[in-house]
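Hi,

Here is the structure I promised to pass on to you.

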Amino acid sequence: MVPRTWLRVLVAGVAVLGLAGCSKADRAVHGAPRCPEGPAAQPAPRQVPPGVAWAWASMNGAPAGSRAEGAVPGWTDVVSVADGRWTTVAVRADGTVWSYGTNIGGSLGQGSYERHYRAEPRRVPGIDDARTVHSSGPTFYVVRRDGTVTAWGDDRFLVNGGKREGYNGVPTPQRVPGLEDIVSMGPGSLNAFALRSDGRVRGWGINLTDVLGDVDGTRLTTIDGVGGVVDVASAGGAVVALKADGRVCAWGNNAHGLLGTEPRGGQSGRPVRVPGLTDVVQVAGGDNVAYALDRDGVVRAWGRGVGGTLGDGDTSDHSSTAPVRVAGLPGIRRIAASGLTGLAIDSKGGLWGWGSGLGLGERAGGDADRPVRIPLPGPALDLSGTHVILDPAPPEDATGGTPFQDTTP
């Protein structure tokens, strides 16, 4: 294998020769506009009022006959939730962390590798100062009030900050080394990204598509070329970051157009600006698809559209480098993604989903190529996969009635 340092020399040599050996896609990525410096940023942790955790579909691995929908027992004061599809973890208002579902390599955080299903949540030991929880499948990360990150679960490599050590999972929480001043995270399946309070992005894990930048190794590093970030999300082979001025940058693989550059293909460890996105307030990422929410409540999608993930009415395996509006949504205030599914909460707390997976096909009669309404008993405050946090006591409107009216058939 040729060392990456020699690869950089070879690439530089090709550049001197006018990029003669590069494809059109490589040249397009090379010439894409750099991520603008923009204003400095001081991102703060998102504050979610305590609410009731509600599952709107069953999790993977749940035994036949187990609860598929309803309130999660005891989770009445939840401020953050992370659905890993097999295991779900929540942070309660008192800073404690709780888990339930199927234990995959230690994903319940209860000290056992043995695979088993737990229907009733149990407290994850050793944490009483949690702010938020994030997941990459059966691996979980808790951002604590002091800005450090504690993790556990199936992927020891990611829990150890990209250090290749052992093969088993980590069944009890341990600190991710080297992370400080963290306010939020955007982990992926092969790597993880953390947002610092100074607007810088830290990353670690597998770097096959240059998502860690043009660096050697897998260890924790700061992503060069992007600052002033207020939100970050892994989108499979690429990473998307929201700048404080409402613009979006991306880096990594452009095979599905996530860098917003035509023709598709090539990759870049240097963050570039995604054209066509302004006044964005949040980003989210799924399996090689990304979403952006702007201040007018409009959701746009780009990347791989298989199974309806772009919400454009097309379920074929196609891609878009240009962010396209997800049609059929009302005004939205929060977005999320899970695999090949896009999710959104509207301004009244209604839940919407599109794409394939998470049981949406049963509601749409196939892949949901357009957004479908998911019925809930109350307005949603936040979401992750098949779990939402519901407002426990929605205020009355001016007519004395309840403002949340779910009329989904």
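Below is what I found, going from the whole chain down to single residues.

A word on the source: this is a predicted model, in which local features need pLDDT of at least 70 and side-chain atom pairs count only at pLDDT 80 or more, while totals for chains, interfaces and linings use all residues. Residues are numbered from 1 along each chain as its sequence is written, and side-chain values use heavy atoms, with hydrogens and water left out.

**Overall picture**

The protein chain has 4 helices and 28 strands (DSSP runs numbered from the N terminus: H or I of at least four residues for helices, E of at least two for strands). Its radius of gyration, taken over C-alpha atoms, is 21 Å, close to the 22 Å that the globule rule gives for 409 residues, so the chain is as compact as a globular protein of that length (the rule is 2.2 Å times the number of residues to the power 0.38). Along the principal axes, the C-alpha atoms fill a box of roughly 70 × 45 × 40 Å.

Of the 409 residues, 54% are buried (buried is under 20% relative accessible area, exposed is over 50%, and partly exposed is in between, with a 1.4 Å probe and protein chains only). The chain exposes about 16,700 Å², and carbon and sulfur atoms supply 50% of that (Shrake-Rupley method with a 1.4 Å probe; for residues, only the protein chains shown count as cover). Among contacts (heavy atoms within 4.5 Å) between residues at least 6 apart in sequence, 52% join residues at least 24 apart.

**Nonpolar cores**

The largest nonpolar core has 19 residues, and those with the most contacts inside it are Val240, Val248, Leu277, Val280, Val283 and Trp302 (such a core is a set of buried Ala, Val, Leu, Ile, Met, Phe, Trp, Tyr and Cys residues joined through side-chain atoms within 4.5 Å). Two or more residues each come from β16 (238–243), β17, β19 and β20, with β16 giving the largest share, 3 residues. Apart from this core lies another, of 17 residues, including Trp56, Ile345, Val372 and Leu383.

Leucine 277 is worth a click: beyond residues up to four places away in sequence, leucine 277 touches Gly246, Arg247, Val248, Ala292, Arg300, Trp302 and Pro323.

**The disulfide**

How many disulfides does a search of the whole structure find? There is 1 (a pair of cysteine sulfur atoms within 2.5 Å). It joins cysteine 35 and cysteine 249, with the sulfur atoms 2.1 Å apart. The torsion about the S-S bond is about 85°, so this disulfide is right-handed. Cysteine 35 sits in the loop between α2 (24–30) and β1 (52–55) and cysteine 249 in strand β17 (residues 248–253), so the pair links distant parts of the chain, 214 residues apart.

The structure holds 11 salt bridges (a side-chain nitrogen of Lys or Arg within 4 Å of a carboxyl oxygen of Asp or Glu). Arginine 300 and aspartate 294 form one of them, at 3.1 Å from N to O; arginine 300 is partly exposed at 26% relative accessibility, whereas aspartate 294 is buried at 9%.

Arginine 295 pairs with aspartate 279, the closest N and O atoms being 3.9 Å apart. Arginine 295 lies in the loop between β20 (289–294) and β21 (299–304) and aspartate 279 in the loop between β18 (267–273) and β19 (280–285), so the bridge ties together parts that are 16 residues apart in sequence. Arginine 295 is exposed at 60%, and aspartate 279 is partly exposed at 34%. Elsewhere, Arg46, Arg334 and Asp382 are linked in a network of salt bridges.

**Backbone details to check**

Most residues other than glycine have a negative phi, and most peptide bonds are trans. Arginine 85, in the loop between β3 (78–83) and β4 (87–92), has a positive phi of about 75° and is buried at 18%. Leucine 358, in the loop between β25 (351–355) and α4 (360–364), has a positive phi near 60° and is buried at 9%. The peptide bond from glutamate 262 to proline 263 is cis, with omega near -5°, and proline 263 is in the loop between β17 and β18.

Best wishes
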